[in-house]
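Thanks for making time this morning.

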Amino acid sequence: MRISALEIKNYRNLDGVKIKFHPTMNFIIGENNLGKSNLLDLLNILFNRNNFAESDFLNPDEQICITFSLGLSEIEQGFFDDLFDPTDREKINIVAVQESPDDVIKFQHQESGTLISNSIVRCVNYINYDSLRNPSSELSFSKNRGVGKFLNHIIVKYLEDGSLQDFDFVIIEKIDEFLIEVNQSLQKIKSFKDFS
């Protein structure tokens, strides 16, 4: 799935902003305090969190309303059941609304008003890395939290099952065997399995 369009109402300094995304690659550039990080935070909230914080509301007496379109590949069509853009089966238009800071985000199909489960929207793969983050430390195998905990578990299990030591990995064949094992482990995760 690729986000193709976004319309923002009552979110931080991006109220009234409409964005159309290129299907291949997009660059977010501009002077300080224009809303580049706010845009990335908005996408992270939509796809990875349950609600906007009180500080996200430009006007706390109004709802935050985000309308966005997702492009669907052939294999993703049907992911949202029979909901899609009436003029294009390869697209779905979704409205995300949070009435107040005490509520949660509710998603619905724009054209029909049919509610869409938050758990389905959470299946959209979105990873947020901005210039202030340090992906190399977050993806570290040595950290025992987040993705590092999961990757570390796969490595430790592989080493134990194969009675291997870390110095065995100077042998290219051992690295290839390990990569096969990692890929087999990842295929057990539903979204990896469903979408190859």
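Predicted model: local features only at pLDDT ≥ 70, side-chain atom pairs only at ≥ 80, totals over all residues.

Strands β1 and β2, the latter covering residues 18-20, pair in the antiparallel sense over 3 bridges, where two strands are said to pair if DSSP finds at least two bridges between them. Within this pairing, alanine 5 stands opposite lysine 20 in β2. Residues are numbered from 1 along each chain as its sequence is written, and side-chain values use heavy atoms, with hydrogens and water left out.

As for the elements themselves, helices (H or I, at least four residues) and strands (E, at least two) are DSSP runs numbered from the N terminus. The protein has 6 helices and 6 strands, and from the N terminus the order reads β-β-α-β-β-β-β-α-α-α-α-α.

β1, residues 2-9, also pairs with β3, residues 64-71, in the antiparallel sense and over 7 bridges. Along that pairing, arginine 2 has glycine 71 of β3 as its bridge partner, and isoleucine 3 is opposite leucine 70. On to the next pair: β3 and β4 are joined by 8 bridges, again antiparallel, with isoleucine 66 standing opposite alanine 96 in β4.

α1 spans residues 36-48, which is 13 residues, and reaches 18 Å from its first C-alpha to its last, close to the 18 Å expected at 1.5 Å a residue, the expected span being 1.5 Å times one less than the number of residues. Its buried residues are Asn38, Leu39, Leu40, Leu42, Leu43, Ile45, Leu46 and Phe47, where buried means under 20% relative accessible area, exposed over 50%, and partly exposed in between, with a 1.4 Å probe and protein chains only. These buried residues pack against β1, β2, β3, β4 (91-98), β5 (106-109) and α2 (118-121).

That brings me to the cores, a nonpolar core being a set of buried Ala, Val, Leu, Ile, Met, Phe, Trp, Tyr and Cys residues joined through side-chain atoms within 4.5 Å. Which residues of the largest nonpolar core touch the most other members? Among its 30 residues, they are Phe52, Ile66 and Phe68. The elements giving two or more residues to this core are β1, α1, β3 and β4, and the largest share, 7 residues, comes from α1. There is also a second, separate core of 8 residues, which includes Ile155, Leu159, Phe178 and Val182.

Now for β3, where 7 of the 8 residues are buried, so the strand is largely enclosed by the rest of the structure. One of the residues of β3 is threonine 67, which is buried with a relative accessible area of 17%. Leaving aside residues up to four places away in sequence, threonine 67 touches Ala5, Leu6, Glu7, Ile94, Val95 and Gln110.

Finally, two loop residues deserve a look at the backbone. Most residues other than glycine have a negative phi. Asparagine 10, in the loop between β1 and β2, has a positive phi of about 70° although it is not a glycine, and asparagine 10 is buried, with a relative accessible area of 4%. Aspartate 81 lies in the loop between β3 and β4 and has a positive phi near 60°, but aspartate 81 is exposed, at a relative accessible area of 59%.

For the protein as a whole, 31% of the 196 residues count as buried.

Note on methods. Contact = heavy atoms within 4.5 Å.
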